[in-house]
Amino acid sequence: MSYEADRHRGHPVDRSTATSGDIVRILLAIILPPLGVFLQVGLGLQFWLNILLTLFGYVPGIIHAVWIILRR
């Protein structure tokens, strides 16, 4: 099964290296954490949770965004 098929089914994919897309999303997540999460998972629970974390503090939003990007 391909990476994209697994990703859309919500299954974690075993990757040992970050892709160029991951690097772009991580850089965007440092600048604007909800944008990085949105690009990774769309308008779901994790996106709204990241908005709350970013409102409570910029650093928790960044940590959550990077975690979401590297986890998937």
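Let us begin with Leu53, a residue that lies in helix H4, which covers residues 45-56. Helices here are DSSP runs of H or I with at least four residues, strands are runs of E with at least two, and both are numbered from the N terminus. Please keep in mind that this is a predicted model, in which local features need pLDDT of at least 70 and side-chain atom pairs count only at pLDDT 80 or more, while totals for chains, interfaces and linings use all residues. Residues are numbered from 1 along each chain as its sequence is written, and side-chain values use heavy atoms, with hydrogens and water left out.

Apart from neighbours within four places in sequence, Leu53 is in contact with Pro60, Gly61 and His64. Contact here means heavy atoms within 4.5 Å.

I turn now to the chain as a whole. The chain has 5 helices and 0 strands, and along the sequence the pattern reads α-α-α-α-α. Of its 72 residues, 31% are buried. Among contacts in the chain with a separation of 6 or more, 46% are accounted for by residues 24 or more positions apart. The accessible surface comes to about 4,800 Å², and 71% of that surface belongs to carbon and sulfur atoms. Such areas come from the Shrake-Rupley method with a 1.4 Å probe, and for residues only the protein chains shown count as cover.

In the model, residues 23-41 are 95% helix and 0% strand, with end C-alpha atoms 15 Å apart. Residues 47-70 are 96% helix and 0% strand, and the end C-alpha atoms of this span also lie 15 Å apart.

Next, helix H3, which runs over residues 33-41. Which residues of H3 are buried? They are Pro33, Pro34, Gly36, Val37 and Gln40. Seen down the axis of H3, these buried residues fall within an arc of 160 degrees, so they line one face of the helix. The arc is that of the directions from the helix axis to the C-beta atoms. After H3 comes Gly42, which has a positive phi, near 80 degrees.

A nonpolar patch of about 710 Å² is made by Ile31, Leu32, Leu35, Phe38, Leu39, Leu43 and Trp48. Patches are made of residues with over 30% relative accessible area and no salt bridge; like charges are joined within 9 Å, and nonpolar side chains (Val, Leu, Ile, Met, Phe, Trp, Tyr) within 5 Å. The largest share of the nonpolar patch, 3 residues, comes from H3. Ile31 belongs to helix H2, residues 20-31, and is exposed at a relative accessible area of 63%. Leu32 sits in the loop between H2 and H3 and is partly exposed, at 46% relative accessibility. Leu32 and Gly61 are 29 residues apart in sequence, yet 8.6 Å separates their C-alpha atoms.

How many salt bridges does a search of the whole structure find? The search finds 1. A salt bridge is a side-chain nitrogen of Lys or Arg within 4 Å of a carboxyl oxygen of Asp or Glu. Arg25 forms this salt bridge with Asp22, their closest N and O atoms being 2.8 Å apart. The two partners are 3 residues apart in helix H2, and are therefore separated by about one helical turn. Both Arg25 and Asp22 are buried. Asp22 also lies 9.5 Å from Arg72, C-alpha to C-alpha, although 50 residues separate them in sequence. Arg72 is found in the segment after H5 and is partly exposed, with 29% relative accessibility.

Finally, consider Ile62 in helix H5, residues 58-71. Ile62 is buried, with a relative accessible area of 17%. Not counting residues up to four places away in sequence, Ile62 touches Ala29, Ile30 and Pro33. Its C-alpha atom is 9.1 Å from that of Gly36, a residue 26 positions away along the chain.

Key: Buried means under 20% relative accessible area, exposed over 50%, partly exposed in between (1.4 Å probe, protein chains only).
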